[in-house]
Amino acid sequence: MADELRLEIKRLMIRELDLAGLEPAGIDDDAPLFVDGLGLDSLDALQLAMAVEEAFGVVVPEGEEAKPIFSSVAALAEYVAQHRQ
Amino acid sequence: MKPRIAITGVGAVTALGNSAEEAFERLIAGEIAVRQHELPSWPELEHLRTAACELPLGYADLPRVEALSMAAIDQALRDSGVEPQAHPAAVRTALAWGTTTGGLREAEDLLGLVTQDTSPEQLRPLLGFPISATACRAGERFGPFVRTRTLCSACSSGALAVVVGASWLELGVCDRVVVGGADALCATTLLGFSALGLLDPLGGRPFDRGRGGLSLGEGAGALVLETAELALRRGARIRAWLAGWAAGSEAFHITQPEPHGTTAAGLMRRALARGSASPEEVGYVNAHGTGTLRNDAAELAALRALFGEDFARPRVSSNKGQIGHCLGAAGAVEAVFCVLSVERGELPPNATPELEACRGLIGTQAVRSPVGVALSNSFGFGGMGSVLCFSHHGGGRAQPDSGAASFARLEPVSDPRGVEGSAVPKRVYLARHCLLEPLPGSDPRQVPPRGELIAAERSRRFDDMSVLVAAAVERVLSQHGDVSRLEATALLHGTAFGAVQRAAHFLARARSAGPSRVPPADFPSLLPSAASGNAAIYAGVRGPVGAVSDFAASAHSAVHQAVELVLAGEVHQAISCCGEPLDPLARRAGAAWFGLPDPQSWAAAAQLWSCEPSAIWVASFGESRGPLPALPQGNVAAFLGSSDRSVALDWGGFGLPTQAGAARPSVEGLGGAAVCLAAAELERRELAHALVVDISKGRVLHTLLSRVEHAG
C-alpha cells in the first residue's frame with residue numbers, strides 16, 4: 001500500500017513538475033527533493049502542493065510548515081496517507 | 001556631470017488621481033488607494049485588495065490600457081508645452097512604451113471560453129491584445145513618430161521604455177521621445193500572483209516587518225524626454241535631468257530575486273556612473289519595494305551593498321503601498337513620482353506601520369529634503385531590472401556646452417545612405433546567426449520535445465516559445481559569442497503577443513476548477529517577457545533582457561534594439577531572436593484580424609550583433625513611412641521578413657528593387673528568419689548587400705547588411 005502511494009506520488013511529480021526523462025525508479029524514496037537531490041525550487045513546491053491537494057484531497061500547509069512534508073517522497077507519502085479521507 | 005537629457009513633461013493616471021500633480025500630492029499626504037473592490041466575474045477574488053483607477057473621461061471606447069496610456073501621454077505632452085497633435089516636423093519625436101498585459105483585460109472573458117469552433121468574428125476582442133496596440137494608437141493620435149517600439153521586461157517594462165528612449169536621444173535618432181508604460185488590472189494577473197502566493201490580502205506593505213506580499217494596481221505613466229539642447233533652445237521648463245540609467249538581468253530565477261541583490265546593486269552603480277554621480281550624492285531612492293518578503297529583503301541587501309557604511313543616510317520609500325504594483329506602468333509612474341520628488345524636495349512616505357529597522361526608510365510622514373540625485377528602481381520577474389538616475393535641474397551645473405558637443409550625437413558618415421539616425425560611424429557587425437527549422441521528415445506543426453533542442457533538466461516549465469528561443473540563443477552563443485562577456489550581453493526577443501493559447505488555458509482552468517486550482521508555475525510563462533527571461537536564465541545572459549514588440553515587424557524591431565544597444569556602447573554584444581511555436585489562438589486571431597501570415601511550421605531564429613569586426617556589418621537601419629533611401633550599387637537583394645497583409649504591399653512605392661534580386665519571402669511568418677537568409681547569401685558571396693524589410697501598419701523597418709569589403 002505504501003509502495004503504491006509512493007509510486008503514485010512519483011508519477012504525479014514527474015507529470016506536474018515536467019521532470020522529463022525521469023522514471024519513478026529513478027527517484028529515491030528518501031532523497032531530498034529541494035535544493036539537493038532532485039533540485040526542485042519554491043515554484044515547484046507550490047505546483048506540487050496544488051497537485052497533491054487535487055489528486056489526494058489533502059490540504060498541504062504553506063511556508064515553513066510545508067518543509068518537513070516535502071523533505072522526501074517518503075515523507076510526503078506518509079503525510080498523504082495520514083490525512084487523506 | 002553634464003546633464004544631457006531633460007525631462008520636460010510628466011503625466012500619470014493612477015489610483016490616486018488622474019494627473020501627475022494630484023497623484024503626487026495625495027501620495028505625499030499618505031493616502032492609500034489599495035482597497036477591496038467588487039469583481040463581478042470573480043467574486044472569489046474580491047477579498048484581494050487592489051488599487052484601481054477611475055477611467056479619465058473621453059476614453060471609454062478604448063481598451064482600458066489604451067485609455068490609461070492616451071490620457072497619460074496627452075498630459076505629459078501638454079506638460080512639456082507641446083500641443084499633442086502638433087509637433088513641428090523639425091523636431092523628430094519618438095515613442096517607447098512598456099506593458100506586460102496589453103489588452104488582456106478585454107480579451108480575458110473571451111479567452112476562457114475559446115474552443116475549436118469559435119469563429120474569427122468572435123475573436124474580435126483580441127484586437128487590443130497585441131502588445132504594441134497601445135503604441136500603435138499613440139502613433140495615430142500623437143504622431144507621426146520617427147521610431148515606435150514596445151518593450152516588455154515584466155515588472156520593469158515602464159522603466160525599460162525610459163532606458164530605450166534615452167538611448168535613442170543619445171544615438172541622435174530623435175530629439176524628443178515620449179516614454180512610459182501602462183497596465184490595466186485584469187483577472188489573469190490577480191489569479192496568477194495569487195496562485196504564486198505573492199499577494200497580501202491585507203494590502204501590500206513595502207519594507208514592513210510583517211509584510212506578506214504585494215497588491216496589484218493599474219495605471220499609466222508618461223514622461224517627455226528631450227535633448228538638453230532642444231529644451232534650452234525652446235525655453236522649455238525642465239522638471240529634472242535624466243542623468244543616468246542601466247538595464248540588466250540577474251539570470252537567476254523566473255520569479256525569485258537574487259537574495260543578496262548583487263545585480264541590482266550593480267545596476268544602481270552603473271546608472272550613477274553614467275551620470276558621473278557617486279552613491280554619496282544620492283539623497284533619495286524610489287525603491288521597487290513590492291512588499292513581498294523576498295523582494296524587499298533583496299533590495300535592502302542591494303542598497304547596503306551600494307551604500308556600504310553610508311547606508312543609513314539616503315532616504316528610501318516605495319510607492320507600491322499606496323498605488324499598488326502597477327506592473328508595466330510601475331517603472332514609469334514611479335519615475336514620474338521620483339522626478340517630482342527631486343524637483344520639489346518632497347519625498348513620499350512608506351505607508352506602512354512597522355518598518356524594517358533601516359534608518360534610511362522613510363516613515364509614514366513624507367519628508368522635506370532637497371535632493372540632488374535620486375535613483376528609481378524597477379525589478380521584474382526573471383530578474384530583469386532597470387534603474388533610472390535623476391538629478392535636480394537647478395543644481396548649478398545645468399548649462400551644457402553649446403551645440404552638439406555636449407552629448408553623444410553621432411556625426412553622419414559621408415555616404416548619406418541611411419535614414420535618420422542610422423549613420424553608424426562605429427560599426428555593428430553580424431557575428432553569428434542561427435535558423436532552426438524542423439528536420440526533414442519530422443512533423444513541422446509540432447515543436448519537438450524540449451530535450452531534443454536544449455538541456456531538459458534546465459528547462460522545466462519552459463513553454464514552447466521559451467524552448468525555441470533558448471535553443472536559438474544557445475546556438476548563436478556557442479557558435480561564437482564571447483561567453484566571457486555574458487554580463488555585457490543583451491537578449492531581445494521580438495514577439496507580437498504573449499502566450500495566447502496558454503492564457504486561454506489558464507483562464508479556462510480558473511473558470512472550471514476555481515482560482516485556487518490554477519497551476520502557479522504556468523503564470524510566469526504568460527508574460528510576453530517569459531521567453532527572453534527563461535532564455536537569459538538558461539544561457540546566463542546578464543545584460544538588458546526583454547521582449548520587443550512592433551506588431552508584424554516585431555522580430556525586426558528586436559534586431560534594431562540589439563543593434564542600437566551595441567552601437568550605443570551599452571553592451572559588448574546583443575542577441576535578437578524570435579520564435580514561431582504555432583500558438584493556435586495567436587495564429588487564428590492573427591490571420592483573421594491582423595493580417596498576419598498563418599505559418600505552417602515551427603521555427604526559431606537568432607542573430608548575434610557585436611562591435612567585434614567580422615564579415616558582415618550593418619550599413620544602415622531605421623524606420624520610415626515612405627520610400628527608402630537609394631540602395632548601393634552592386635549585387636543587392638531585398639528580403640521580406642514579414643508584412644502586415646491588411647496593407648497592400650506597395651513594393652515599388654517603397655523604392656525597393658524590382659530587378660534581379662527581387663524580394664524573397666522568408667520562412668513564412670517568421671520575420672527574423674529573413675536576416676538569417678540574407679546573411680547566408682552574403683556569406684556565400686552571392687550578394688554584396690542585402691536589404692531586409694519588414695512592414696507593419698504602414699511603417700517599414702529596414703536593415704541594410706553589407707559585406708565588409710563593400711563598405712563605403
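**Interface, charges.** I started with salt bridges in this predicted model. The rule finds seven of them across the interface of chain A and chain B. I looked up one: A:Asp44 forms a salt bridge with B:Arg461, and their closest N and O atoms are 2.8 Å apart. I then sorted the residues on the side of chain A that touches chain B: five are charged, three polar and seven nonpolar.

**Interface, polar contacts and extent.** For polar contacts between chain A and chain B I noted eleven residue pairs, both residues at pLDDT 80 or more. In contact terms, chain A puts in 15 residues and chain B 18. The two chains bury about 1400 Å² between them. Carbon and sulfur atoms account for 46% of that area.

**Aromatic pairs.** I went on to the rings. Over all chains the structure holds six aromatic pairs. I picked out B:Phe24 and B:Phe337, whose centres are 6.2 Å apart with 35 degrees between the planes.

Where in chain B do B:Phe24 and B:Phe337 sit? I found B:Phe24 in helix H1 (residues 20-28) and B:Phe337 in helix H11 (residues 330-344).

**Ring cluster.** Ring pairs join B:Phe193, B:Phe381, B:Phe506 and B:Phe523 into a cluster.

Terms used:
Residues numbered from 1 in each chain as written. Chains lettered and ligands numbered in written order. Predicted model: local features only at pLDDT ≥ 70, side-chain atom pairs only at ≥ 80, totals over all residues. Heavy atoms only, no water. Contact = heavy atoms within 4.5 Å. Buried area = accessible area lost by both parts, 1.4 Å probe. Salt bridge = Lys/Arg side-chain N within 4 Å of Asp/Glu carboxyl O. Polar contact = N/O pair within 3.5 Å; in protein donor to acceptor, adjacent residues only side chain to side chain. Nonpolar A, V, L, I, M, F, W, Y, C, P; charged D, E, K, R; others polar. Phe/Tyr/Trp six-rings, centres within 6.5 Å; stacked < 30°, edge-to-face > 60°. Helix = DSSP H or I, 4+ residues; strand = E, 2+ residues; numbered from the N terminus.
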